[in-house]
Amino acid sequence: MTMTSTLGGCLVGPNYVRPSAPTPEHFKEAAAPAKGWKRVSPLDTIDRGAWWDVYRDPTLSALASQVDISNQSVASAAANYVAAREAIKEAQASLFPTVTASHTTTASGSRVSRTTLTFVPSATATWDIDVWGRIRRNVEASAAAAQASAADLQNAKLSEQGALLTAYYDLRATDALKDLYDRTAAAYQKTLEITRNEFKGGTVSEADVVTAQTQLYQVQALSIDTGVLRAQYEHAIALLIGRPPADLRVQRNGRALPPPPATPITVPARLLERRPDVAAAERTLQQDSALIGVAVANFYPDINLTALFSYTAGPPPVSMAGAAWSIAGSATQPIFDGGLLSAQLAAARANYDSSVATYRQTVLTAFQQVEDALAAIRVYAAEAAKDRETVAAAKKAVAVYLNQYQAGTVAFTTVVTAQATQLTAEESLLAVQQSQLIESVALIQALGGGWHADELSPIETLTPVSTLTPPL
C-alpha cells in the first residue's frame with residue numbers, strides 16, 4: 001500500500017502506473033510484401049476523423065460522415081459518456097459540506113392572552129473530511145471511467161464506420177457482379193445467334209441451340225439474383241446511418257471496383273495510442289486502481305464535522321438572544337465487520353488484476369487484427385495478380401474455340417466449357433477485389449482509424465485541482 005500526502009490529507013492505496021503490455025518491435029506480415037502489394041507509409045498521413053476519404057469516393061464519404069450524427073449505437077454510447085461525465089460531479093460533490101435548512105413555526109396562547117407565533121429557522125451543515133482520500137479516489141475512479149466511456153464512444157464510431165464501409169463495398173461488389181453477369185449474358189446471346197445460324201445451315205444439331213439457350217438463361221437468372229443481396233446491403237447502410245431503409249437509395253455508379261488504397265501503418269508500439277478499445281481498457285485499469293484506494297480508506301476513521309445554527313424569533317422587539325449555534329466533530333472506525341472490509345479490498349485488487357489481463361488481451365487482439373489484415377492484403381494481392389492472368393487466358397481460349405466451332409473442328413461443348421471457365425475466373429477475380437477492399441477497411445480499423453489517445457480529455461480537465469483538494 002502507498003500513501004500520498006496532499007494539502008487536504010493523505011491518499012491511501014496505490015498510485016496508478018500503467019502496466020506493461022506485450023509489444024513486438026515490428027509487424028511480421030509487413031516485413032515481406034508480395035508482388036503487387038505496396039509497402040505502406042506512416043500512419044500520420046491518415047486524416048484525423050474522416051479516415052474513409054482515403055478511398056476517394058464522394059458517395060462513400062457522404063454516407064460515412066452520417067454515422068457520427070445519426071447512428072443509434074453511437075448515440076447510445078454518447079449518452080453513456082455524458083452520464084459518466086456527470087458521475088464525476090456526483091463524486092466531487094462529496095468533497096464539500098452539505099447544508100440543509102429547516103423552518104419551524106409554533107403558535108401559543110390562552111383565553112386571557114393573545115396568540116403568539118414563534119419562528120425557529122435553522123441550518124445544519126455536515127462535512128465528511130476526506131483525510132484518507134476515499135472521496136478523492138472515488139473522483140479519480142469516476143474520471144478514469146469517463147475517459148474509458150469517451151474511448152468506448154470513439155470505438156463505437158469506428159466500429160459502425162467500418163461496418164458501413166464494409167456494407168458499401170459489398171454493395172459495390174454486388175453491382176460489379178451484376179455487370180459481369182450482364183456482360184456475360186450479352187456474350188452468350190451472341191453465341192446463341194451463332195448456334196442458330198449454324199443450325200439453320202445444317203452444320204450442327206438443335207442440341208447446340210438448346211445448350212446455348214440454357215447457358216444464357218442461367219446467367220440471366222444469376223444477374224436477377226444479385227438484387228437480393230444488393231437490397232440487403234442497402235438496407236444495412238440505411239440502418240448504420242440511422243435511417244429507415246425506405247428513405248435511402250444508393251445509385252449504381254457503373255464503375256468497376258477500385259483498387260484498395262495504400263494503407264498507412266506505424267510501428268506496433270504506437271498502435272497502443274491509436275486504438276480506442278485499448279485506451280478504454282487502460283483507463284478502466286486506473287479506475288480499478290483508484291477503487292483499491294477507496295477500499296483501503298474504508299479501514300481508516302471516517303471524520304465528520306457537524307455545525308448547527310438556529311434562531312428563535314418571537315414578536316418584536318427582535319433580539320440576538322434567540323440565536324444558538326454548535327459545532328461537533330465525530331470519528332467512526334470499524335472495529336469488527338466479520339471480514340467485510342478485507343473481502344472488499346481483496347475483491348478490488350482482484351478486479352484490478354482482471355483488468356490488467358483484459359488490457360493485455362486487448363493489446364494482443366489488436367496486434368492480431370493488424371497482422372490478420374496485413375496477411376490477407378498481401379495474399380489477396382498475389383491472388384488477384386494470378387486471377388487476372390487466368391481471366392486473360394480464359395478469354396483467349398473462348399475466342400479460339402468459338403472460331404474453331406464455326407470452322408467445324410470442335411464440338412459446342414468445348415465452347416461452353418471455355419465460357420464457363422471464363423465466367424468462373426472473372427467471378428473469382430471480382431471476389432478477390434472485393435476482399436481486398438474489405439480487408440483494407442479492416443486494416444485501417446485495426447490501426448484505429450484516424451483516432452489518437454491524446455483526444456481523450458485529461459483527468460486534470462475533468463477534475464480541476466480545486467475540486468481534488470477539499471476546502472479547509
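A search of the whole structure finds 5 aromatic pairs. Rings of Phe, Tyr and Trp (its six-membered ring) pair if their centres lie within 6.5 Å. The model is predicted, so local features need pLDDT of at least 70, side-chain atom pairs count only at pLDDT 80 or more, and totals for chains, interfaces and linings use all residues. Residues are numbered from 1 along each chain as its sequence is written, and side-chain values use heavy atoms, without hydrogens and water.

**Exercise 1.** Classify the pair formed by Y168 and Y169.

*Solution.* 
- Take the geometry: 5.4 Å centre to centre, 80° between the planes.
- Apply the classes: planes under 30 degrees apart are stacked, over 60 edge-to-face, the rest tilted.
- The Y168 and Y169 pair is edge-to-face.

**Exercise 2.** Decide whether Y168, Y169 and R56 are buried or exposed.

*Solution.* 
- Set the cut-offs: buried is under 20% relative accessible area, exposed over 50%, partly exposed in between (1.4 Å probe, protein chains only).
- Y168 has 0%, so Y168 is buried.
- Y169 has 2% and is buried.
- R56 has 75% and is exposed.

**Exercise 3.** Locate R56 and describe its phi.

*Solution.* 
- R56 lies in the loop between strand 2 (9-12) and helix 1 (58-64).
- Helices (H or I, at least four residues) and strands (E, at least two) are DSSP runs, numbered from the N terminus.
- The phi of R56 is positive, about 50°, and R56 is not a glycine.
- Most residues other than glycine have a negative phi.
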